[in-house]
Amino acid sequence: AKDGASRAAALTNRLLGFARKQPLKPVALDLNGHVEGMIELLARTLGDDIVIETRLAPHVDAVMADVNQLENVILNLSVNARDAMASGGVLTLAAAKR
């Protein structure tokens, strides 16, 4: 319950920040770590009909991004994918080194 409340508070903060058009604060991020850290939130948000699969290449370089914006992008794309899979399906999140 504590973890759920913390995640809900963080999501609310991100949404409020988006609404206020806060300036971006790009920092070097571990993309794989952020994706893995969002899996539980995504699973609860997307429901039981969607299976989440990851294909995260090892040793992906850090990316310069705003943490809140990155999480919003992943969440929004995931929800859009869910909406496109009326009967459920598999959502694959991938990251690779270029």
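**View 1. Asp-66, a buried acidic residue without a salt bridge, in a predicted model.** Asp-66 lies in the loop between strand E3 (63-65) and helix H3; helices (H or I, at least four residues) and strands (E, at least two) are DSSP runs numbered from the N terminus. Asp-66 is buried, meaning under 20% relative accessible area with a 1.4 Å probe and protein chains only. The nearest side chain of opposite charge, Lys-25, is 6.9 Å away; a salt bridge requires a side-chain nitrogen of Lys or Arg within 4 Å of a carboxyl oxygen of Asp or Glu. The side chain of Asp-66 reaches the backbone nitrogen of Gln-69 at 3.0 Å. Beyond four places in sequence, Asp-66 touches Leu-24, Lys-25, Pro-26 and Leu-29, contact being heavy atoms within 4.5 Å.

**View 2. Asn-32 in helix H2 (residues 31-46).** Asn-32 is buried, at a relative accessible area of 12%. Its side chain reaches the backbone oxygen of Ala-57 at 2.8 Å. Ala-57 is also among the residues that Asn-32 touches, together with Leu-56, Val-60 and Ala-95, when residues up to four places away in sequence are not counted.

**View 3. The largest nonpolar core, with 18 residues.** Such a core is a set of buried Ala, Val, Leu, Ile, Met, Phe, Trp, Tyr and Cys residues joined through side-chain atoms within 4.5 Å. Those with the most contacts inside this core include Val-35, Met-38 and Leu-91. Two or more residues each come from H2, strand E2 (50-56), helix H3 (67-84) and strand E4 (89-95), and H2 gives the most, with six.

**Notes.** Residues are numbered from 1 along each chain as its sequence is written, and side-chain values use heavy atoms, leaving out hydrogens and water. In this predicted model, local features need pLDDT of at least 70 and side-chain atom pairs count only at pLDDT 80 or more, whereas totals for chains, interfaces and linings use all residues.

Conventions. Buried means under 20% relative accessible area, exposed over 50%, partly exposed in between (1.4 Å probe, protein chains only). A polar contact is a pair of N or O atoms within 3.5 Å; within protein, one must be able to donate a hydrogen and the other to accept it, and residues adjacent in sequence count only if both atoms are side-chain atoms. Lys and Arg count as positive and Asp and Glu as negative; His and the chain ends are not counted.
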